[in-house]
Amino acid sequence: MGKTKGKGHPKAKGGGPRAPAARITPQQLYEQAQLALQYDDFDSARTALRKAVKLDPKSIECVDALGALLAEVGPEEEAVEVLKQAVLLSPDVGYEKYLYLGQLLESPEDALAATRKGVQVLQAQHAAAQAASSEEVPALSRALSGALCSLSEMLIAGAQERAVAAAAERGCDAAAIEVASKEAVASVAEEAEHLLSLASTADPDSPEPGQALAALRYQQGRASDALEALRRSMSLWYTPTNKDEEGEEGEGGMATAKGGQDEAMEDAEEDSDDDSEEEEDGPSYEFRIESAKLLLELEDTTATAIDVLEGLIEEDDRVPDAWHLLALAYYSGHQYAEAAEVLAKGQALLAKLGAGPEDEITQEFADLESAIKEAIAVTSAGAAQ
């Protein structure tokens, strides 16, 4: 009787055991993440970098990249954890992780310390690049200028917050709290000005140091100096809108603000197809919003603020703050009909964006609407007499 053939043991094909599947490396995962980021696929990039860091927790390149991505797209708690890991791996190389921590850490003291360290690391990297005549110098100069401005602003804000909190805890009234805030600004003004001077030296073409100095001068109660600093800053980017012989706006201006309500609001529901893929020169939208705010505080006329805000709305009419500020500018210039028209368009935008009656921005629009209506009523009554 022959032997029974064994069951469950099929003969291997190919004459031998199969080779184990090749394992993906942290570097390959890092490259996958960089490719995903080119297509704004943040989820895939985050997943790839998490896997890379899990495979090699000591890879500075992967940990830095994951920390930076998490700081941009979240979650913030994980971002802080990964960025702190990056600090432990490379405390004196790579300034970005410190600047991100400066934005994310809850403790003002810790955030300020992180930003200081980031500036120190960036200054060393900038100096080394200059010594080597590196092509990275221009980009590092811009980064250093911005970081120095951020540090100056954090220094001032932190001093104010501590002083106001202490005064409130002592039961001080509003006037005493205001005095405490001004004293706090005075206590750090010298260091803040020094940081802004360094920022201006690092990048003389940046308007940011000048605008930050204007804000500081305004807080110090030096309005004329503040306006002078703001005008110097704006000279680096602002060109007044041309007007025709009849005084009407040329390109830009109220072409958008005075357009139909539906036309002005149509982009609130979808992204504009005209957004440039390349970063444009000049200050950001948010920076110019702050410029307009300072103009409204400092200039006797509202013409320049209106011009800046009209340009912003033409660029992107989906920002409620821009509409509110433009209406406020018209109101401050006693152009009440224009203010009411602009405000109505801003309120239509709020409705499309789903803002509720309890939202702060909705309340701000409502307060301005009441002020405009009152001014129109007073003006009408005066004309009737």
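Predicted model: local features only at pLDDT ≥ 70, side-chain atom pairs only at ≥ 80, totals over all residues.
Colleague: What share of the contacts with a separation of 6 or more comes from residues 24 or more positions apart?

Modeller: The contacts in question are those in the chain between residues with a separation of 6 or more. Residues 24 or more positions apart account for a share of 60%.

Colleague: Which residues does UniProt list for "repeat: TPR", and how far apart are the end C-alpha atoms of residues 60-93?

Modeller: The unreviewed UniProt entry lists residues 26-59 and residues 60-93 under that name. In the model, residues 26-59 are 79% helix and 0% strand, with end C-alpha atoms 8 Å apart. Residues 60-93 are 82% helix and 0% strand, and the distance between their end C-alpha atoms is 10 Å.

Colleague: Where is aspartate 40 found, and is it buried or exposed?

Modeller: Aspartate 40 lies in the loop between helix H1 (26-38) and helix H2 (42-55). Its phi is near 55°, a positive value in a residue other than glycine. The relative accessible area of aspartate 40 is 53%, and the cut-off for this class is over 50%, so the residue is exposed.

Colleague: Which peptide bond is cis, and where is proline 75 found?

Modeller: The bond runs from glycine 74 to proline 75, and its omega is near 0°. Proline 75 itself belongs to the loop between H3 and H4.

Colleague: Is cysteine 62 buried or exposed, and how many disulfides does a search of the whole structure find?

Modeller: Cysteine 62 has 2% relative accessibility, and under 20% counts as buried, so cysteine 62 is buried. Cysteine 172, with a relative accessible area of 26%, is partly exposed. The number of disulfides found in the whole structure is zero.

Colleague: Which helices do the buried residues of H5 pack against?

Modeller: Helix H5 covers residues 96-104, and its buried residues are Lys97, Tyr98, Tyr100, Leu101, Gly102 and Leu104. These buried residues pack against helix H3 (60-73), helix H4 (76-89), helix H6 (108-131) and H7.

Colleague: Which residues does histidine 126 touch, not counting residues up to four places away in sequence?

Modeller: Histidine 126 is in helix H6. Its relative accessible area is 7%, which is under the 20% cut-off, so histidine 126 is buried. Beyond its sequence neighbours up to four places away, histidine 126 touches Val137, Leu140, Ser141 and Leu144.

Colleague: Which helices do the buried residues of H8 pack against?

Modeller: Among the buried residues of H8 are Ala180, Ala184, Val188, Ala192 and Leu195. An α-helix has 3.6 residues a turn, so residues three or four places apart point the same way. The buried residues of H8 pack against helix H7 (137-169) and helix H9 (208-219).

Colleague: What span should helix H13 have, and which helices do its buried residues pack against?

Modeller: The 14 residues of helix H13, 285-298, should span 20 Å at 1.5 Å a residue, and the end C-alpha atoms are 20 Å apart, which agrees. Its buried residues include Phe287, Ile289, Ala292 and Leu295. They pack against H9, helix H10 (223-234), helix H14 (303-315) and helix H15 (320-332).

Colleague: Which residues touch the most other members of the largest nonpolar core, and what is leucine 309 in contact with?

Modeller: The largest nonpolar core has 96 residues, of which Val308 and Leu309 touch the most other members. The largest share of this core, twelve residues, comes from H7. Leaving aside neighbours within four places in sequence, leucine 309 is in contact with Ile289, Ala292, Ala322, Leu325, Leu326 and Ala329.

Colleague: Where is histidine 334 found, and is it buried or exposed?

Modeller: Histidine 334 is in the loop between H15 and helix H16 (336-353). Its phi is near 65°, a positive value in a residue other than glycine. With a relative accessible area of 60%, histidine 334 is exposed.

Definitions and conventions:
Residues numbered from 1 in each chain as written. Heavy atoms only, no water. Buried < 20%, exposed > 50% of the residue type's maximum accessible area, 1.4 Å probe, protein only. Helix = DSSP H or I, 4+ residues; strand = E, 2+ residues; numbered from the N terminus. Contact = heavy atoms within 4.5 Å. Core = buried A, V, L, I, M, F, W, Y, C linked by side-chain atoms within 4.5 Å. UniProt positions renumbered as here; feature names shortened; annotations may be inferred. Disulfide = S-S within 2.5 Å. Expected span 1.5 Å × (residues − 1).
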